Amino acid sequence: MAVKNTTDLLNEQLGKKGDCVIFTGAQATVNFYAVHFVTESVISAITVANGTGDSALQTTMPAGTVLFMNITAITIDSGVAVGYSN
């Protein structure tokens, strides 16, 4: 695994590296390293690669919440989110 330098990490945090998707509803077969919930959002399904207990995230996320993890699928029943991919 390659080590990222400070500039690479900052670019990712600012959404300047890779693609971003603004979404409502379901996103399947994705590879998000972060999801930012722009408005209060209800997660009804989520899959986190290399993680356990992801069903605990099936809840209401307040506006401004950011999840930093490898999300491979997510469905929100309400709200707006931005997914950042590698």
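**Burial and overall form**

I began with burial: 29% of the 86 residues in the protein are buried, where buried means under 20% relative accessible area, exposed over 50% and partly exposed in between, with a 1.4 Å probe and protein chains only. The model is predicted, so local features need pLDDT of at least 70 and side-chain atom pairs count only at pLDDT 80 or more, while totals for chains, interfaces and linings use all residues. Residues are numbered from 1 along each chain as its sequence is written, and side-chain values use heavy atoms, with hydrogens and water left out.

I looked up the elements next and found one helix and five strands, in the order α-β-β-β-β-β along the sequence. Helices (H or I, at least four residues) and strands (E, at least two) are DSSP runs, numbered from the N terminus.

I noted a C-alpha trace spanning about 35 × 25 × 20 Å along the principal axes. Of the contacts with a separation of 6 or more, 74% are between residues 24 or more positions apart; contact means heavy atoms within 4.5 Å.

**Core**

I then looked at the largest nonpolar core, which has 15 residues. Such a core is a set of buried Ala, Val, Leu, Ile, Met, Phe, Trp, Tyr and Cys residues joined through side-chain atoms within 4.5 Å. Phe 37, Ile 43, Ile 46, Leu 67, Ile 71 and Ile 74 have the most contacts inside this core. Strand 2 (32-37), strand 3 (41-48) and strand 5 (66-85) each give two or more residues to the core, and strand 5 gives the most, with five.

I listed the contacts of Ile 74, leaving aside neighbours within four places in sequence; among them are Phe 23, Phe 32, Phe 37, Ile 43 and Ile 46.

**Val 42**

I checked Val 42, which lies in strand 3. Val 42 counts as partly exposed, at 27% relative accessibility. Leaving aside neighbours within four places in sequence, Val 42 is in contact with Thr 59, Thr 60, Thr 75, Ile 76, Asp 77 and Ser 78. Its C-alpha atom is 9.9 Å from that of Gly 25, 17 residues apart along the chain.

**Positive phi**

I looked up two residues other than glycine with positive phi. Thr 29 has phi near 55 degrees and is found in the loop between strand 1 (20-27) and strand 2. Thr 29 is exposed, with a relative accessible area of 78%.

Asn 50 also has phi near 55 degrees, and is found in the loop between strand 3 and strand 4 (60-61). Asn 50 is exposed, with a relative accessible area of 83%.
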